[in-house]
Amino acid sequence: MTLCEIIGIYLVSLKILTEKGISFIANTRKNMKSKVIKFWDRLMFRKQLIIKTVFNQLKNIS
């Protein structure tokens, strides 16, 4: 696969998920423009470490 094909598949997948109400959020770097994100997403992003820790613990129980 070429880079253009991979980017095309990513954009189509992103569009489908966005239509279903699923959005991706990530940390912004110093050289990136800040985007407006929903309050709930911002709150969950702050709690990301706790959520990851809980999921890890649940995976390691068995």
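## Basis of the model

Contact means heavy atoms within 4.5 Å. This is a predicted model, in which local features need pLDDT of at least 70, side-chain atom pairs count only at pLDDT 80 or more, and totals for chains, interfaces and linings use all residues. Residues are numbered from 1 along each chain as its sequence is written, and side-chain values use heavy atoms, with hydrogens and water left out.

The predictor's confidence in each residue is expressed as pLDDT, from 0 to 100. The chain has a mean pLDDT of 77, and 87% of its residues reach 70 or more.

## Overall architecture

Helices (H or I, at least four residues) and strands (E, at least two) are DSSP runs, numbered from the N terminus. The chain contains three helices and zero strands, in the order α-α-α from the N terminus on.

Buried residues are those under 20% relative accessible area, exposed residues those over 50%, and partly exposed residues those in between (1.4 Å probe, protein chains only). Of the 62 residues in the chain, 2% are buried. Accessible areas come from the Shrake-Rupley method with a 1.4 Å probe, and for residues only the protein chains shown count as cover. The chain has an accessible surface of about 6,400 Å², with 64% of this belonging to carbon and sulfur atoms.

The expected span of a helix is 1.5 Å times one less than its number of residues. Helix α1 (residues 3–19) comprises 17 residues and reaches 24 Å from its first C-alpha to its last, close to the 24 Å expected. Just after α1, Gly21 takes a positive phi of about 95 degrees.

Phe24 is located in the loop between α1 and α2 (39–46). Phe24 counts as exposed because its relative accessibility is 55%. Leaving aside neighbours within four places in sequence, Phe24 is in contact with Leu14 and Leu17. The C-alpha atoms of Phe24 and Leu14, ten residues apart along the chain, are separated by 8.6 Å.

The twelve residues of helix α3 (residues 48–59) should span 16 Å, and the end C-alpha atoms are 16 Å apart, which agrees.

Ile50, Ile51, Val54, Phe55, Leu58 and Ile61 make a nonpolar surface patch of about 600 Å². Ile50 lies in helix α3 and, at 52% relative accessibility, counts as exposed.

Key: Patch = residues over 30% accessible without salt bridge, like charges linked within 9 Å, V, L, I, M, F, W, Y side chains within 5 Å. Salt bridge = Lys/Arg side-chain N within 4 Å of Asp/Glu carboxyl O.
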